[in-house]
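Colleague: I have a model open and want to go through a few spots in it. Can you start with the terms?

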Amino acid sequence: MRKGQRSTTLSRRRLLGLSGAVLALPAWSRLAQAASYPARPVRLVVGYAPGGATDITARVIAERLFDRLGQQFIVENRPGAATNIATEQVIRATPDGYTLLMASGANAINATLYDNLNFDFVRDMAPVAGVIRMQNVLEVHPSVPANTVPELIAYAKANPDKLSAGSAGVGSPGHVSCELFKMMTGTTMQHVPYRGIAPALADLLAGRIHVLVDNMATAIEHIKGGKVRALGVTTTFRSPLLPDVPTIDESVPGYEASSWYGVTAPKDTPSGIVASLNAEINAALADRSLADRFAAMGGAVLAGTPADFGKLIADETEKWGRVVRFANAKPT
């Protein structure tokens, strides 16, 4: 090989080597980010005021992540617009793993309920990990002549629109759960929206409304005290808190309307950070003491991969979209 040819060959080799190194930089950078994460406090944004189930779940997970990773996970409450303010804040954040969202079923419902959102939740969020699936319960005032779900269906069909069903508001989990029940059973009931579950429950206890889908944590005291009658649990598995109450699915096959919570991040968050967070959350969920704590709230752990959680979000968005359109629900 002549000297000029050797020089050209070496130059090409150097160029190819440099090109390979440049191409490898993004992958190396992502690995380095994941290895050093988290290097500073992480914000976990909640779209509700403090004290509710979403907030409690976020604080439990933040505490466990601090224990495992040695860095603060600060819960930031940003209530308003049915979680849309908090959701958009996280979507617009830098995708570096330091701003996360405690997502919930409201995000899946809002995708269809609101016509002019500035984001597409399924497209613009990176699923990280599911945390908990919460059981709700279909309850009636004792004046309602029904002791079972089939009896309620029969009574509602014989008395169209005579029953009133309350909810925490249009598009709330309790509202769409009741609309799903109506859609699947061919029954009609008047919807009475409230500003929160507390006034709806107060009117159920007073007999001013007849039906309510409530979360297990707030309902169980009144159920056990005989002030309301539990007819069915909304998940496909019975509740250990109310083992004698059947699931609605036992009478209405295919019915399922649980509340769920999990962690999401902005789209384009490095996959290594997502994988690291997922592993740490799943490890926390494997702790029996945490599972017992969630069970006392009427929930079960929702462990799985980011892909598992992403599929849940997509499936729930499609399901609740059908229900919102059936009910012709509009935000107030």
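Modeller: Axes are lines fitted to C-alpha atoms, for helices over the stretch in contact, and angles run from 0 to 180 degrees between N-to-C directions. Helices (H or I, at least four residues) and strands (E, at least two) are DSSP runs, numbered from the N terminus. This is a predicted model: local features need pLDDT of at least 70, side-chain atom pairs count only at pLDDT 80 or more, and totals for chains, interfaces and linings use all residues. Residues are numbered from 1 along each chain as its sequence is written, and side-chain values use heavy atoms, with hydrogens and water left out.

Colleague: Fine. At what angle do H2 and H10 pack?

Modeller: About 110°, with the axes of H2 (residues 53-69) and H10 (residues 271-285) 10 Å apart. Angles of 65 to 115 degrees count as roughly perpendicular, under 35 as roughly parallel, over 145 as roughly antiparallel and the rest as oblique. H2 and H10 are therefore roughly perpendicular to each other.

Colleague: Which residues meet there?

Modeller: From H2, Ile-61, Arg-64, Leu-65, Arg-68 and Leu-69; from H10, Glu-280, Ile-281, Ala-283, Ala-284 and Leu-285. Contact means heavy atoms within 4.5 Å.

Colleague: Now H6. Which residues are buried in that helix?

Modeller: In H6 (residues 149-158), these are Val-149, Leu-152, Ile-153, Tyr-155 and Ala-156. Buried means under 20% relative accessible area, exposed over 50%, partly exposed in between (1.4 Å probe, protein chains only).

Colleague: And what do the buried residues of H6 pack against?

Modeller: Strand E5 (136-140), helix H7 (173-185) and strand E9 (229-233).

Colleague: What caps the N-terminal end of H6?

Modeller: Thr-148 does, with a side-chain oxygen 3.2 Å from the backbone nitrogen of Glu-151.

Colleague: Different spot. Where is Tyr-194?

Modeller: In the loop between strand E7 (190-193) and helix H8 (197-206). Tyr-194 has 15% relative accessibility, so it counts as buried.

Colleague: Which side chain does Tyr-194 join in a polar contact?

Modeller: That of Asp-203, at 2.6 Å. A polar contact is a pair of N or O atoms within 3.5 Å; within protein, one must be able to donate a hydrogen and the other to accept it, and residues adjacent in sequence count only if both atoms are side-chain atoms.

Colleague: And Ser-172, buried or exposed?

Modeller: Buried, at 11% relative accessibility. Ser-172 is in the loop between strand E6 (164-167) and H7. Leaving aside neighbours within four places in sequence, Ser-172 is in contact with Ile-109 and Ser-167.
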